[in-house]
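Work through the exercises below with the sequence and the model open. Each task is followed by a solution in steps.

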Amino acid sequence: MNKFLSHSLLLATACSLSAAASAAEWTMATPYGDASFHTKNVKQFAEDVAEATGGELTINVHSGGSLVAHGEIKSSVRRGTIEAGEVFLSTLSNEDPIFEVDTLPGVAGSYDEAYQLWQTTKPLITELFANQGMMPLYAVAWPAQGIYTDFELDDPERFEGLRVRAPNINTQRYVDYLGGSPTETEESDIPTAFSTGRVDAMITSSSTGNSMTAWDYVSHYTDANLWLPKNIVFINQRAFDRLDEATQEALLEAAARAEERGWQMSRDDNQASLEALQANGITVSTPNEEVAAALQAAGDRLFSAWQERADEQAQQVLEEYQQQRGN
């Protein structure tokens, strides 16, 4: 091999190694299984990022809590153990009441209101994440929450002593106010919780009921339209800062598309899930007057308790949203 050819090969190899070294590979954890529309959206987001950056940034998504447990995802991203994560936003309510505002009954009862609530609270939530070295990318709402039981929920007294799966502290308080016994259970553990008798009922969306085949353990779904909670996807700020400007821009553009796509996916999934529940034998109904009154009374208590906990900044943000909504 002549010297010129040898030099060219060495140069090509060096350039190739340099390009490989500049490419970033991120790890992302989500607690939701592959059947969830949120996970489908996250995986599409990762594909969009890889395509838009020409492979300069790849995001490996670990679903179903397979890599990091739900309660550890945020702290793992904060430490930089992983670069990205997705959590149920209201599980962070112990840090600040603004994180649970989307689980207050009556605050946002439709997708349009839920999106407006997100836009109004986003600056404060972004600031709180930034204070911990993280950056939100996007948030997507679940369908409105309802109540799954193995009986017709026609009397509020049936809540008394009922063991109810409640995924966050606000829902746990709500179940308490209804007279039930709240049990914290991750989505992936729902079938086991029912089969072992840890829970008798659950408050969650049509989507979760469908993806978890709720018809295997309950017979009724009361479509109570309690609230539309959100998942939030976020990243480690230092990991973002290490990206070049073009890659950063491509990432943010993909996140904006994921948010828009995700909200539409939620709407579509709600309708498809309600149809699937009925097709598999679950009776879907709305609350009667007595049950609706009990739900409203518990919701009023929940809202009052939130106001007592929330600082002035959080209350001002909620008031701003209510003024925008015309309340």
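**Exercise 1. A residue in a helix**

Is Thr208 buried or exposed?

Solution. This is a predicted model, in which local features need pLDDT of at least 70 and side-chain atom pairs count only at pLDDT 80 or more, while totals for chains, interfaces and linings use all residues. Residues are numbered from 1 along each chain as its sequence is written, and side-chain values use heavy atoms, with hydrogens and water left out.

Step 1: locate the residue. Thr208 lies in helix 7. Helices (H or I, at least four residues) and strands (E, at least two) are DSSP runs, numbered from the N terminus.

Step 2: read the accessibility. The relative accessible area of Thr208 is 3%, so Thr208 is buried. Buried means under 20% relative accessible area, exposed over 50%, and partly exposed in between (1.4 Å probe, protein chains only).

Step 3: list the partners. Neighbours within four places in sequence are set aside; Thr208 is then in contact with Trp142, Glu187 and Ile190. Contact means heavy atoms within 4.5 Å.

Step 4: compare sequence and space. Between Thr208 and Pro191 there are 17 residues in sequence and 11 Å in space, C-alpha to C-alpha.

**Exercise 2. A residue in a loop**

Find the place of Leu92 and name its contacts beyond neighbours within four places in sequence.

Solution. Step 1: Leu92 sits in the loop between strand 3 (84–88) and helix 4.

Step 1: the relative accessibility of Leu92 is 6%, so Leu92 counts as buried.

Step 2: with neighbours within four places in sequence left aside, the contacts of Leu92 are Lys74, Val87, Phe99 and Phe129.

Step 3: Leu92 and Glu249 are 157 residues apart in sequence, and their C-alpha atoms are 28 Å apart in space.

**Exercise 3. Helix 2 against helix 9**

Describe how helix 2 and helix 9 pack.

Solution. Two packed helices are described by the angle between their axes and the distance between the axes. Axes are lines fitted to C-alpha atoms, for helices over the stretch in contact, and angles run from 0 to 180 degrees between N-to-C directions.

Step 1: for helix 2 (residues 37–52) and helix 9, the angle is about 155 degrees and the axes are 9 Å apart. Helix 2 and helix 9 are therefore roughly antiparallel to each other. Angles under 35 degrees count as roughly parallel, over 145 as roughly antiparallel, 65 to 115 as roughly perpendicular and the rest as oblique.

Step 2: helix 2 passes helix 9 in a right-handed crossing. A crossing is left-handed if the near helix is turned anticlockwise from the far one by less than a right angle, and right-handed if clockwise.

Step 3: helix 2 contributes residues including Phe37, Phe45 and Val49, and helix 9 contributes residues including Leu251, Arg261 and Met265. By class, this contact of helix 2 with helix 9 has 10 nonpolar, 4 polar and 5 charged residues. Ala, Val, Leu, Ile, Met, Phe, Trp, Tyr, Cys and Pro count as nonpolar, Asp, Glu, Lys and Arg as charged, and the others, Gly among them, as polar.

**Exercise 4. Two partners of helix 4**

How does helix 4 pack with helix 9, and how with helix 11?

Solution. Step 1: helix 4 and helix 9 (residues 245–279) pack at about 150 degrees, with axes 12 Å apart. That makes helix 4 roughly antiparallel to helix 9.

Step 1: the crossing of helix 4 over helix 9 is right-handed. Among the residues that meet are Tyr115 and Trp118 in helix 4 and Trp263 and Arg267 in helix 9. The contact of helix 4 with helix 9 holds 5 nonpolar, 3 polar and 3 charged residues.

Step 2: the axes of helix 4 (residues 111–130) and helix 11 (residues 312–325) come within 10 Å and cross at roughly 150 degrees. Helix 4 and helix 11 are therefore roughly antiparallel to each other.

Step 3: helix 4 passes helix 11 in a right-handed crossing. The contact includes Leu117 and Leu124 of helix 4 and Val317 and Tyr321 of helix 11.

**Exercise 5. Positive phi**

What is the phi of Thr213, and what is the phi of Asn225?

Solution. Step 1: most residues other than glycine have a negative phi, and most peptide bonds are trans.

Step 1: Thr213 is not a glycine, yet its phi is positive, about 45 degrees. Thr213 is in the loop between helix 7 (206–211) and strand 9 (220–222), and is partly exposed at 29% relative accessible area.

Step 2: Asn225, also not a glycine, has a positive phi of about 50 degrees. Asn225 is in the loop between strand 9 and strand 10 (230–236), and counts as partly exposed at 37% relative accessibility.
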